[in-house]
Amino acid sequence: MFSRIFGKPKQETNALATLDKLNETLEMLEKKEKVLIKKAAAEVEKAKEFTRAKNKRAAIQCLKRKRLYEQQIEQLGNFQLRIHDQMIMLEGAKATTETVDALRTGASAMKAMQKATNIDDVDKTMDEINEQTENMKQIQEALSAPIGAAADFDEDELEAELEELEGAELEEQLLQPATTAPAAPVQFPAGPQRTRPTPRRTAEEDELAALQAEMAL
């Protein structure tokens, strides 16, 4: 359908060639227009010179040629306007063709991706993931299960024993007498301290000391 409306890639190439041709023609018309504008301006200057020379007939002929140049300039302007219009239409058609081609390419890529990942494949993949997850869970549970003597312990009996220990601990705390805090020591105000008198030595102690001194000599 799009090929019938916008054409094939070969026609797109022809459109590009047509745009190039229109650009060349437009440049040619612009050059001719500039030449005619210069000629018209030159006829005006000649008319002024003939007027100063009192040659009315020659001045009128110059103005006639100026009018002819102006008509050609106007005609060239119309040609340029039509070419611009044609170029705008071709560029719009080219942009439309490129847009449709890009959309067609995107639709094809989307279709290919959907074909590569249909709903059956997605469901199958999700089932495999769930199966592997369940297998891993079973493996972890098997590894964490108690083995040997620890596997024979009854969890209910262990919990009952733990409750008995907690009850005995609580009863022991309730039966303990309340202890009073030790009284703070009474502090007396500091006063002048009395020195203890040195005991007086007896006569026997004096004689013993003198004897020890003599023996030391």
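How many residues apart in helix α3 are K94 and E98? They are four residues apart, about one turn of the helix. Point 5 returns to this pair.

1. **What kind of model this is.** This is a predicted model: local features need pLDDT of at least 70, side-chain atom pairs count only at pLDDT 80 or more, and totals for chains, interfaces and linings use all residues. Residues are numbered from 1 along each chain as its sequence is written, and side-chain values use heavy atoms, with hydrogens and water left out.

2. **Confidence.** pLDDT is the predictor's confidence in each residue, from 0 to 100. The protein chain has a mean pLDDT of 78. A value of 70 or more is reached by 71% of its residues. Among the elements, helix α3 (residues 56–116) has the highest mean, 90. Helix α1 (residues 2–6) has the lowest, 44. Over residues 1–7, pLDDT stays under 50. For that stretch the model has eight contacts beyond four places in sequence; a contact means heavy atoms within 4.5 Å. Where pLDDT is low, the predicted coordinates should not be read in detail.

3. **Overall layout.** The protein chain has six helices and zero strands. Along the sequence, the pattern reads α-α-α-α-α-α. Helices (H or I, at least four residues) and strands (E, at least two) are DSSP runs, numbered from the N terminus. Take the contacts with a separation of 6 or more: residues 24 or more positions apart account for 76% of them. The chain has 217 residues, and 10% of them count as buried. Buried means under 20% relative accessible area, exposed means over 50%, and partly exposed lies in between (1.4 Å probe, protein chains only). The accessible surface comes to about 19700 Å². Carbon and sulfur atoms hold 57% of that surface. Such areas come from the Shrake-Rupley method with a 1.4 Å probe; for residues, only the protein chains shown count as cover.

4. A salt bridge is a side-chain nitrogen of Lys or Arg within 4 Å of a carboxyl oxygen of Asp or Glu. Side chains of opposite charge can pair when their charged atoms come close. The whole structure holds five salt bridges. One of them joins R65 and E43, at 3.1 Å from N to O. R65 lies in helix α3 and E43 in helix α2, so the pair ties together parts that are 22 residues apart in sequence. Is E43 buried or exposed? E43 is buried, with a relative accessible area of 5%. R65 counts as partly exposed, at 34%. Helix α2 spans residues 9–52. Leaving aside neighbours within four places in sequence, E43 is in contact with C62, R65, K66 and Y69.

5. The side chains of K94 and E98 meet in a salt bridge of 2.5 Å, N to O. K94 counts as partly exposed, at 22% relative accessibility. E98 is also partly exposed, at 38%. R104 forms a salt bridge with D101, and their closest N and O atoms are 3.1 Å apart. R104 and D101 both lie in helix α3, three residues apart, about one turn of the helix. Both count as partly exposed: R104 at 35% and D101 at 39%.

6. **The nonpolar core.** A nonpolar core is a set of buried Ala, Val, Leu, Ile, Met, Phe, Trp, Tyr and Cys residues joined through side-chain atoms within 4.5 Å. The largest one has twelve residues, including L19, L36, A40, Y69, I83 and L90. Helices α2 and α3 each supply at least two residues of this core. Look at I83. Setting aside neighbours within four places in sequence, I83 is in contact with L22, T25, L26 and L29.

7. I119, V122, M126 and I129 make a nonpolar surface patch of about 360 Å². Patches are made of residues with over 30% relative accessible area and no salt bridge: like charges are joined within 9 Å, nonpolar side chains (Val, Leu, Ile, Met, Phe, Trp, Tyr) within 5 Å. I129 sits in helix α4 (residues 119–144). I129 is partly exposed, with a relative accessible area of 43%.

8. **A loop residue to check.** K54 lies in the loop between α2 and α3. Its phi is near 65 degrees, a positive value in a residue other than glycine. K54 counts as exposed, at 74% relative accessibility.
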